[in-house]
Amino acid sequence: MSEQLEQQHGAWKRYWPKPEQLLLAIGIDANSEVQWLARQCGQLVLVAPELKQAEPDGAMAPHSVAVSVQEAPAGYKIAVASEVRWIPDRLPELAACYQLNLQFDRILLSRNGWHSIAASQRERALRKLGNLLAPGGVLVITPCLGEYASGVLDQDELAALARKFGLVLQPLTQEGTAILQLPDDGSGALARIRHIAVNDSKSSTYKLALLRTLVRIADAHPGAVCDRSEGRVAISLGLVALYWIRLFKRLLDADLQQNSNTGKGLGFVTQQGWQPLAQLKADDFAIGALFVGEQALALQQLFADTIKTMQEGPVTFIYQGDKQNRLFTIERALRRKNSQSVLLDRAFFDSFGLFTLSEEMWNSLRSYGCWIEPLLVQQWIAQMKRFQRNIVANHSLDYYHEALIWLEREHDTARVRQRVDALARGGHAIRSVWSGHPLQSYQVDHCLPFAYWPNNDLWNLLPASVQENGSKSDRVPSRPRLSNARAHILDWWQLAWSGEREQQQFFIEAHLSLPNIPRDCRNHEEVFESMQDQILGVRQRLQVGEW
């Protein structure tokens with residue numbers, strides 16, 4: 001029987017629990033299977049509608065003899081055996097499991113058990129199961145004994161639910177086993193981020209907005225760090241405000257309600273700050289952009305209003321345990337004078353003060369941004385769909401997603417295409433950065449693929465042939481290919497962005513987006529070296545293929 005069970009559960013063998021780990025099993029009926037599972041782990045908690053008893057043949061004897069009966073906190077009876085604990089519970093409630101106050105390294109759910117949950121309740125069930133997982137824990141939905149003929153799992157359904165609750169779904173095995181993992185950064189910060197996104201109470205989208213703002217900065221702007229000491233990371237407060245503004249601009253332009261009170265406005269949307277800039281698009285609030293006159297004054301008021309809203313809202317109400325144990329802090333600059341001309345650069349962002357968070361959380365946001373951001377987007381949409389005005393409008397899912405995109409790719413490559421065309425009309429030979437060959441027709445290539453790292457900085461947008469761009473696709477250039485293209489890339493940068501204003505924007509963007517570039521850098525060679533480091537980091541973090 002042991003060999004049969006090992007074969008039965010072979011599809012998830014690499015995730016079989018270790019002797020010290022805790023396993024929760026739901027929907028397992030066969031006594032032999034329960035015994036086998038109990039031998040694999042340090043403790044097995046078995047969920048069943050009613051307490052199991054030892055069968056007359058004694059098959060469960062090693063693990064079913066109750067040595068004591070104890071009261072769970074909510075009054076549930078739990079029979080305790082030497083290695084197995086049976087608790088009466090059922091999906092999707094799992095009330096008794098929650099009362100145990102345990103996190104499980106592995107949760108095993110029979111495929112029949114999953115299919116027994118009404119389709120309308122599966123979202124709730126997966127949320128509860130995900131909350132019971134320990135960081136790095138794995139949920140397995142698999143055929144158990146006698147389930148060979150049970151219905152197949154819907155991968156699309158599972159993938160959508162996994163994204164919503166921060167689980168990573170692996171491709172279904174041939175046996176029809178689904179494996180969903182809760183990522184772990186080893187520090188607990190990732191679990192805290194997920195808890196804020198999924199479980200924290202919310203009357204507005206502010207908490208989600210702050211987390212997504214920080215994810216985007218951590219992923220895209222290593223140059224934003226002002227100080228790193230004593231386990232804390234300080235970043236430019238003005239940059240946090242900029243990202244917050246950009247996120248909300250598309251949402252408010254789309255007339256999407258952002259809080260539960262239809263009569264209450266958003267704190268940062270004021271007559272002095274937001275309204276004079278209302279005609280601008282989200283992508284107009286770009287790093288390196290210049291504002292003058294009335295727009296410059298309105299922009300500075302908008303930044304001040306945004307910082308005040310963040311400080312009084314999510315920064316105050318995102319905490320761990322005690323309300324005074326806040327995960328984020330804002331240190332506003334004591335003296336700051338408004339100016340008639342504003343350039344969105346590091347000096348401007350720093351002038352508002354500092355935003356600080358733990359180094360563990362910063363590293364988690366940076367390393368796991370590709371997992372965290374889809375979770376935040378899904379939760380943001382779910383939150384908006386609860387608000388009355390959005391319900392009445394009955395928006396499509398695509399409408400919500402469109403309003404939550406970070407960058408409009410075509411819009412932001414337009415400037416590069418215009419520059420290529422202008423240079424060609426002026427008699428300059430435009431060459432592919434990858435081959436050096438003259439271009440008759442061309443495409444704008446994102447050196448770091450937009451699909452993995454959405455960045456439209458001037459240094460990242462390069463002319464290439466249609467064939468080369470198609471061949472490269474969503475891969476990063478290998479180091480040998482970059483080395484061969486070095487001279488062509490440097491030539492393109494120097495030719496395309498030679499004007500004073502263009503150079504200014506080029507180096508402002510590079511300073512914030514690439515690692516270890518000095519603030520006063522005006523050297524293309526330094527930018528190229530840092531670009532290589534960034535490519536290596538993106539490839540390592542996101543497992544992007546090489547070209």
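Which residue stands opposite Phe 328 in E15? The answer is Leu 357, and the two strands involved, E13 and E15 (residues 353-358), pair in the antiparallel sense over five bridges. Pairing here asks for at least two bridges between two strands according to DSSP. Strands (E, at least two residues) and helices (H or I, at least four) are DSSP runs, numbered from the N terminus. The model is a predicted one, so to speak of local features takes a pLDDT of at least 70, and side-chain atom pairs count only at pLDDT 80 or more, while totals for chains, interfaces and linings use all residues. Residues are numbered from 1 along each chain as its sequence is written, and side-chain values use heavy atoms, with hydrogens and water left out.

Now for the sheet itself. Four strands make up an open sheet in the order E10-E11-E15-E13, with antiparallel pairing. E10 (225-229) and E13 (328-332) sit at the edges with a single partner strand each, so one side of each has no neighbour in the sheet. From one strand to the next, the twist averages 20 degrees.

Two helices lie across strands of this sheet. Helix H9 (residues 206-220) lies across E11 (232-236), E13 and E15, and runs at about 80 degrees to E13. Helix H10 (residues 237-253) also lies across E11, E13 and E15, running at about 65 degrees to E11. Axes are lines fitted to C-alpha atoms, for helices over the stretch in contact (heavy atoms within 4.5 Å), and angles run from 0 to 180 degrees between N-to-C directions.

Helix H14 (residues 359-367) has Met 361, Trp 362, Ser 364 and Leu 365 buried (under 20% relative accessible area, with a 1.4 Å probe and protein chains only). Seen down the axis of H14, the buried residues fall within an arc of 165 degrees, so they line one face of the helix. That arc is taken from the directions from the helix axis to the C-beta atoms.

Val 377, in helix H15 (residues 369-384), counts as buried because its relative accessibility is 13%. Leaving aside neighbours within four places in sequence, Val 377 is in contact with Arg 212, His 401 and Leu 404. The C-alpha atoms of Val 377 and Ile 405 are separated by 9.1 Å, with the two residues 28 apart along the chain.

Notes
Buried < 20%, exposed > 50% of the residue type's maximum accessible area, 1.4 Å probe, protein only.
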